[in-house]
Amino acid sequence: MTADTKTAPAGDAAEKTFTFTNDQTGESWQFPVVEGTVGPPTIDIRQLYQQTGHFTLDPAFTATGSCKSRLTFIDGDEGILMHRGYSIEDLTDKSSFLEVSYLLLYGDLPSKKQLDEFIRSITYHTMVHEQIHYFFRGFRRDAHPMAIMCGVVGALSAFYHDSLDIWDPQQREISAHRLLAKMPTLAAMAYKYSIGQPFMFPRNDLDYAENFLYMCFGVPAEPFEVNPVHARAMDKIFILHADHEQNASTSTVRLAGSSQANPFACIASGIASLWGPAHGGANQAVLEMLAEIGHKDNIPEFIERAKDKDDPFRLMGFGHRVYKNYDPRAQVLRESAHEVLHDLGIDNDPTLELAMELEKIALEDPYFVDRKLFPNVDFYSGIILKALGFPDTMFTVLFAMARTIGWISQWKEMIEEPALKIGRPRQLYTGPAARPYVPIDERK
Ligand code: CMC
């Protein structure tokens with residue numbers, strides 16, 4: 001089949017079309033070309049099978065748009081990330097995580113009054129049902145906190161029956177606020193449970209990031225002062241992870257939601273998808289890799305292993321499906337890592353030094369240069385989180401916490417589309433063709 005794009009005759013509703021021609025039969029079909037605000041145009045192939053009798057095959061969705069969205073735009077070649085038109089650099093520099101959350105959820109930056117009301121609603125939804133405390137006790141103390149999060153977030157649908165009707169806009173809004181508000185409480189509880197300390201109740205006089213740090217690192221026995229530099233770094237990390245277009249976990253949330261599952265169940269599915277080391281689990285894997293490398297002198301050996309196709313080892317925190325340039329989130333975090341370590345008086349942190357050296361060597365190596373493999377967001381986030389006192393196993397939990405607003409905003413956008421349709425990919429079947437059933441005593 002060959003293809004060709006042209007502008008349709010004036011007056012045609014579909015301004016541009018894309019023509020597919022069957023090289024064997026000479027038959028051709030035109031499909032509408034749909035353009036977004038920015039970014040490459042897309043070919044609307046929804047009628048492809050009906051018209052041509054062919055499906056498309058794109059197992060990892062490398063060239064397939066699964067939806068229309070107004071939330072986030074990424075230009076991977078230029079290293080650009082925007083939420084609702086605002087650059088990630090502007091947002092991390094001038095905004096706050098809750099303001100960005102409002103922006104993602106509602107579409108525009110809030111007025112002062114709207115932001116105050118939103119912050120109040122989030123603040124007053126941070127406590128979890130008392131029964132959830134007992135729920136935690138069913139887990140082993142050494143359970144990975146992501147395993148706990150998958151279970152506990154999914155279980156929220158068993159507690160908040162009054163916000164499960166996905167067709168009621170008010171219930172959708174309440175569940176969005178509940179998820180955003182309760183995720184830090186649950187994440188902090190997962191951490192406290194793993195170290196055997198009592199759960200800390202949220203404090204309404206603290207902001208989102210401060211309250212989270214307090215719930216993680218405070219203890220009932222004494223007052224806890226939140227370090228403002230740490231709170232700001234935490235807030236930046238949350239902003240940088242808030243949304244990222246149709247990545248694996250977001251697509252998982254959308255697919256789960258397309259079956260009309262409730263929002264808590266959908267977000268639990270996103271958490272499960274995020275856990276993998278090729279996605280959100282990479283921040284934990286980066287620190288494990290740096291520990292394994294151990295010393296600058298060992299870097300060349302690990303670089304060679306990363307290049308060896310017979311070795312499953314990959315340089316964690318490097319490469320991205322969309323970014324073929326420096327990940328803009330990694331740029332911001334690189335500076336933030338220095339700020340936090342400086343504030344903690346660790347200007348010569350060996351892990352950061354090792355990371356910088358690894359980055360330098362990889363960025364000069366033709367293997368990484370040719371494949372456009374740059375450091376991604378996970379390369380630096382783990383270093384900051386470690387400096388703030390989080391164990392490696394909590395890194396992905398923090399990613400999940402921050403990404404919850406992206407997931408729920410994407411879910412809400414999808415539910416509010418005029419015609420919600422269940423997601424149902426097709427396949428290229430390569431198994432046996434039809435064959436007769438052979439009774440067991442006649443099988444060879
Ligand atoms: N180390 C060594 N080689 C790599 C790496 C890496 N980290 N990433 C990609 N490559 C090579 C890969 O082997 C392939 O080489 P070749 O063309 O010779 O076969 C080429 O680069 C293209 O890679 P790919 O696997 O086709 O790329 P992808 O878009 O399918 O995968 C990725 C993207 C992020 C899964 C991958 O780069 C990777 O595994 N990186 C390490 C894990 C990581 O840091 N993940 C976090 C991603 S950012 C945050 C998030 O999404 O949660």
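The buried residues of helix α10 pack against α11 (263-274) and α18. Here, buried means under 20% relative accessible area, with exposed over 50% and partly exposed in between (1.4 Å probe, protein chains only). Helices are DSSP runs (H or I, at least four residues), numbered from the N terminus. The model is a predicted one, so local features need pLDDT of at least 70 and side-chain atom pairs count only at pLDDT 80 or more, while totals for chains, interfaces and linings use all residues. Residues are numbered from 1 along each chain as its sequence is written, and side-chain values use heavy atoms, with hydrogens and water left out.

Back to α10, which covers residues 248-258: its buried residues are Ser 249, Thr 250, Val 253, Arg 254, Gly 257 and Ser 258. The axes of α10 and α11 come within 8 Å and cross at roughly 150 degrees. On the α10 side, the contact is made by Ala 248, Ser 249, Thr 252, Val 253, Ala 256 and Gly 257. On the α11 side, the partners are Cys 266, Ile 267, Ser 269, Gly 270, Ser 273 and Leu 274. Contact simply means heavy atoms within 4.5 Å. After α10 comes Gln 260, whose phi is positive, near 75 degrees.

Thr 404 is buried, with a relative accessible area of 0%. Leaving aside neighbours within four places in sequence, Thr 404 touches Leu 179, Leu 180, Met 183 and Ile 267.

Next up is Leu 385, which sits in helix α17 (residues 377-387). Leu 385 is buried too, at a relative accessible area of 1%. Setting aside neighbours within four places in sequence, Leu 385 is in contact with Met 234, Ile 237, Phe 390, Phe 395 and Leu 398. Leu 385 and Leu 398 are 13 residues apart in sequence, and their C-alpha atoms are 9.0 Å apart in space.

Finally, there is helix α4 (residues 112-123), with 12 residues. The buried residues of α4 are Leu 115, Phe 118, Ser 121, Ile 122 and Thr 123. They pack against α3 (97-106), α7 (169-195) and α8 (208-217).

Conventions: Helix = DSSP H or I, 4+ residues; strand = E, 2+ residues; numbered from the N terminus. Expected span 1.5 Å × (residues − 1). Axes fitted to C-alpha atoms, helices over the stretch in contact; angles between N-to-C directions.
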